[in-house]
Amino acid sequence: MAYELPPLPYDYAALEPHIDEATMKLHHDKHHQTYVTNLNGAVEKHPELGKKSPEELVKDLASIPEDVRKVVQNNGGGHVNHTMFWQIMKPSGGGEPTGAIAEQIKADFGSFEDFKKLFNETTAKQFGSGWGWLIFEGGKLKVVTTANQDNPLSQGHYPILGNDVWEHAYYLKYQNKRPDYLAAWWNTVNWEEVNKRFGTAKK
Ligand code: MN3
């Protein structure tokens, strides 16, 4: 198999009460696994693709053979997105941002509260399944959304953080209340990891 499901870097229950154990189990073991399985299925038809990292695949979708391009977009994207997602959360996370990202948030949005408000409002409005993202474009932070499992890498932007607003990410605990999930999610953010990603985005 070219690609593998990375283990969750903490226990399934570690993000309680913000994200429940049952959601984490399903989300990691079933949903993320399915993206990996489907990506491997696509790569079996074009073994040369398997030499690339999942990020490389998503970065250059135009170079993917047409018969598997959509499968790679959806499932390669799903693999990359979720691998990031587990890493940018941690037990006892959240609180105020730290380091360089804290400074940049203040410079570009005025305050962390203003940034959170913009991110939550923008992402709450994403119709159907998708993601909310923080990217760095033209020397400024920017909040954007994508549909499905599309990753900003496909538009040339390295995502600094992203939140999953597919219903599978919150429905068991929050049902239809996506804004409640979005508000609670900030209590899980791993700002050290987000700072690392900000460093990469600036390069
Ligand atoms: Mn998901």
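## Paired strands

Gly-132 stands opposite Thr-145 in β2. Strands here are DSSP runs of E with at least two residues, and helices are runs of H or I with at least four, numbered from the N terminus. The model is predicted: local features need pLDDT of at least 70 and side-chain atom pairs pLDDT 80 or more, whereas totals for chains, interfaces and linings use all residues. Residues are numbered from 1 along each chain as its sequence is written, and side-chain values use heavy atoms, leaving out hydrogens and water.

Strand β2 (residues 140–147) runs antiparallel to β1, to which eight bridges join it; two strands pair if DSSP finds at least two bridges between them. The two form a hairpin with two residues between them, and Gly-138 in the turn has a positive phi of about 60°. β1 also pairs with β3 in the antiparallel sense, over four bridges, and Trp-133 stands opposite Gly-162 in β3. Because seven of the eight residues of β1 (residues 130–137) are buried, this strand is largely enclosed by the rest of the structure. Buried means under 20% relative accessible area, exposed over 50%, and partly exposed in between, with a 1.4 Å probe and protein chains only.

## Trp-166 in its loop

Trp-166 lies in the loop between β3 (161–164) and α6 (171–174). Among the residues in contact with Trp-166, leaving out those up to four places away in sequence, are Gly-130, Trp-131 and Asn-148; contact means heavy atoms within 4.5 Å. The side chain of Trp-166 also reaches the backbone oxygen of Asn-148 at 3.0 Å.

## The manganese site

The manganese ion is coordinated by His-27 (NE2), His-82 (NE2), Asp-164 (OD) and His-168 (NE2), at 1.9 to 2.1 Å. Donors are N, O and S atoms within 2.8 Å of the metal (3.2 Å for Na, K and Ca); water is not among the atoms, so sites may look incomplete.

His-27 belongs to helix α1 (residues 21–45) and is buried, with a relative accessible area of 1%. Asp-164 and His-168 are buried as well. A polar contact of 3.0 Å joins the side chains of His-27 and His-82.

## Helix α3

Helix α3 (residues 66–87) has 22 residues and spans 31 Å from its first C-alpha to its last, close to the 32 Å expected at 1.5 Å a residue.

Methods: The expected span of a helix is 1.5 Å times one less than its number of residues. A polar contact is a pair of N or O atoms within 3.5 Å; within protein, one must be able to donate a hydrogen and the other to accept it, and residues adjacent in sequence count only if both atoms are side-chain atoms.
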